[in-house]
Amino acid sequence: MYQINEDLAVQVGLTQKDRKKLDKLYNKIMNILRQSYLDKKSKIKADKKVRDLEFQMQSIWKFDQNSFYHKYRFFFKGCECFNKKGIFIPSSRCEFHKRLTKR
Ligand SMILES: [Zn+2]
């Protein structure tokens, strides 16, 4: 169940419709995270899906679309990226996010 920060929800003016959408997106993300991904290709594909869903959540919350503030992408089993103060920092050791370290 998606936990909503009520203070923030009031602040940004989330509607019931927004809440339902967030709940749906959250469930979609959890379904993706629950599965096992063996090869590199499927890991990257799964991460891209979660990234897109996180962007959709950010837009409902009226946040800037910023992948550094994604949080569910860490929840892949085997993700080795850093989560410093809630900021997403890809690690070259992580099979899901290694590609993001190349600039
Ligand atoms: Zn990672």
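**From one residue to the fold**

Mentor: Start with K28, which counts as partly exposed because it has 15 C-beta neighbours inside 10 Å. The cut-offs are simple: 20 or more other C-beta atoms within 10 Å of a residue's own means buried, 12 or fewer means exposed, and partly exposed is in between. Those C-beta atoms are placed from the backbone.

Trainee: What sort of model is this, and how are residues numbered?

Mentor: It is a predicted model; local features need pLDDT of at least 70, side-chain atom pairs count only at pLDDT 80 or more, and totals for chains, interfaces and linings use all residues. Residues are numbered from 1 along each chain as its sequence is written.

Trainee: What is the mean pLDDT?

Mentor: The chain's mean pLDDT (the predictor's confidence in each residue, from 0 to 100) is 92. Of its residues, 99% reach 70 or more.

Trainee: Where is confidence lowest, and where highest?

Mentor: Lowest in β1, with a mean of 75. Highest in α2, at 97.

Trainee: Back up a bit. How many helices and strands?

Mentor: There are 3 helices and 2 strands. Both are DSSP runs numbered from the N terminus: H or I of at least four residues for helices, E of at least two for strands. The order along the sequence is α-α-α-β-β.

Trainee: Why call the chain as compact as a globular protein of that length?

Mentor: Its radius of gyration is 14 Å, close to the 13 Å from the globule rule for 103 residues, so the chain is as compact as a globular protein of that length. The radius is taken over C-alpha atoms, and the rule is 2.2 Å times the number of residues to the power 0.38. Along the principal axes, the C-alpha trace spans about 40 × 25 × 20 Å.

Trainee: How much of the chain is buried?

Mentor: Buried residues are 16% of the 103.

Trainee: Which residues of α3 are buried?

Mentor: K43, D47, V50, L53, E54 and M57. They cover an arc of only 130 degrees around the axis, which puts them on the same side of α3. That arc uses the directions from the helix axis to the C-beta atoms. An α-helix has 3.6 residues a turn, so residues three or four places apart point the same way.

Trainee: What do those buried residues pack against?

Mentor: The buried residues of α3 pack against α2. Exposed on the other side of α3 are K41, K45, K48 and S59.

Trainee: Where does M30 sit?

Mentor: M30 is in α2, residues 16–34. It is partly exposed, with 14 other C-beta atoms within 10 Å. M30 and V50 are 20 residues apart along the chain, with 9.1 Å between their C-alpha atoms.

Trainee: Just after α3, which residue takes a positive phi?

Mentor: K62, at about 65 degrees. K62 is not a glycine. It lies in the loop between α3 (40–60) and β1 (82–84). K62 is exposed, with 12 other C-beta atoms within 10 Å.

Trainee: Which residues make up the largest nonpolar core?

Mentor: F76, C81, F88, C94 and F96, 5 residues in all. A nonpolar core is a set of buried Ala, Val, Leu, Ile, Met, Phe, Trp, Tyr and Cys residues joined through C-beta atoms within 7 Å. Leaving out residues up to four places away in sequence, F96 touches K43, D47, F76 and C79.

Trainee: Last one. Where is R93?

Mentor: In the segment after β2 (87–89). R93 counts as exposed, with 12 C-beta neighbours inside 10 Å. R93 and G78 are 15 residues apart in sequence and 9.8 Å apart, C-alpha to C-alpha.

Key: Two residues are in contact if their C-beta atoms, placed from the backbone, lie within 7 Å.
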